Amino acid sequence: MNLRDDLRRLIARLAGRSPSAEDERLVALFRNRAVLKKELSAIDDDRHRLLDRLKLQEGATMRVEEQIATLEAYLGRPEEGAKCLAYFQLKGLWRTASKRLEKFSGELTQQQTDRERRQQLSEFDRGKRARLADVDRELVEARVLADQLQAEQKLARQQLASLSGFWNYFRRRKLEEAIAARAQRVEAALTDVTDMADRRHAVESDPPPVFESLSLEGRRAVNLAVIACAEWLYERLAPGGLADLARQTTLRRVYESSYGNAEQCGALLGTIATALAEIDKHAVDLVDVKARTDRLRRTAVYRGEADAIPTQDSVHATGEASGGVPAANLLQEEYFDIYRVLLR
């Protein structure tokens, strides 16, 4: 395509002649070429992104393989076997306690949600019944007025029919004017009745509100109960030092841990097994948790009016408050992954 061809096509368009089939094919070809270049550029960008992600994944895979190789070599040393067993048993104990706390939080959150939803529906029903009572009262008044006007209109028409003779001309004229005026009032009254009936139907059909989320008071109540449950779990594990040992597995690797000689590690494994059996066997003591929750409610302090999680120091149980067991600051030290289950 040269300049002469371009001028020829321009002159043809200015002259009002339609483009030829060849011109149409060329235009379509250039359009398709632009679309294909754009798609090719997008595909090329996707390719580069995937290559970058592949490199990152390869690096992560290599690091995991190195960790596995190091762990295999470490486990291959006989003197470290007992310590490794104790370490991973403590890690399992931490995970079990965390799951118990998560389950408790989930069940309590659902109970609080159901309670607030029932309260919301109850308030909605009371308001709906009150609105229906108001509309029904207005509807009855409108129907009474409409019936009264219709009865008066019927009586007036009967009186008009009985007024015959020319001597009743002025009386008939006056009565006709009254009938015409009353007809407008009757129509307005019937319209009010229809409007009131529609309004009542609208109120009766009003759907209940959507439950969006727990209230601030509800979230605070759940969080205090969860903290109380964490205290209860901590006391089950604190006497043998298991709570702190289990927490250390979240801060240290197995190579950095030490639990004494093989005999001491064996004794620790027995203690861990007993603690696991106790946690699995016994349900959460709800009476104890409620008492702790009441105590926490008296001391809890919140940084802001909209905060649902209390400050760490305000819910730190002392040894006396926690049954004589020296208590850790459960929030500050994040025992049993507690922040993962607290409601914001």
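What share of the contacts in the protein with a separation of 6 or more comes from residues 24 or more positions apart? The share is 79%. A contact here means heavy atoms within 4.5 Å.

This is a predicted model, in which local features need pLDDT of at least 70 and side-chain atom pairs count only at pLDDT 80 or more, while totals for chains, interfaces and linings use all residues. Residues are numbered from 1 along each chain as its sequence is written, and side-chain values use heavy atoms, with hydrogens and water left out.

## Overall build

The protein has eight helices and zero strands. Helices (H or I, at least four residues) and strands (E, at least two) are DSSP runs, numbered from the N terminus. The order from that end is α-α-α-α-α-α-α-α. Of the 344 residues, 31% count as buried. Buried means under 20% relative accessible area, exposed over 50%, and partly exposed in between (1.4 Å probe, protein chains only).

Confidence is given as pLDDT, the predictor's score for each residue from 0 to 100. The protein averages 83, and 86% of the residues score at least 70. Among the elements, helix α1 (residues 3–14) has the lowest mean pLDDT, 59. The highest, 92, belongs to α5.

## The largest pocket

About 430 Å³ of space lies in the largest pocket. A pocket is an open set of points on a 1 Å grid over the protein atoms alone, where a 1.4 Å probe fits, with protein on both sides within 12 Å along at least five of seven lines. Grid points are joined across faces, edges and corners, and the volume is the space filled by probe spheres set on the points.

The lining holds 18 residues. Lining residues have an atom within 4 Å of a point. Phe104, Leu108, Gln111, Ala225 and Leu286 lie nearest the centre of the pocket. Three helices each supply at least two lining residues: α3 (81–162), α5 (216–237) and α8 (286–299). The largest share, eight residues, comes from α3.

By type, the lining divides into eight nonpolar, three polar and seven charged residues. Ala, Val, Leu, Ile, Met, Phe, Trp, Tyr, Cys and Pro count as nonpolar, Asp, Glu, Lys and Arg as charged, and the others, Gly among them, as polar.

## A residue in α8

Threonine 293 lies in helix α8. Threonine 293 touches Leu224, Ala225 and Ala228, not counting residues up to four places away in sequence. Ala225 is also one of the residues nearest the centre of the largest pocket.

## The segment after α8

Asparagine 329 is found in the segment after α8. A polar atom of its side chain lies 3.1 Å from the backbone nitrogen of glutamine 332. Asparagine 329 also touches Gln312, Asp313, His316 and Glu334, again leaving out residues up to four places away in sequence.

Most residues other than glycine have a negative phi. Phenylalanine 336 has a positive phi of about 55°. Aspartate 337 also has a positive phi, of about 50°.

The table sets out the accessibility of these residues.

| Residue | Relative accessible area and class |
|---|---|
| Threonine 293 | 7%, buried |
| Asparagine 329 | 6%, buried |
| Phenylalanine 336 | 1%, buried |
| Aspartate 337 | 30%, partly exposed |

Terms used
Polar contact = N/O pair within 3.5 Å; in protein donor to acceptor, adjacent residues only side chain to side chain.
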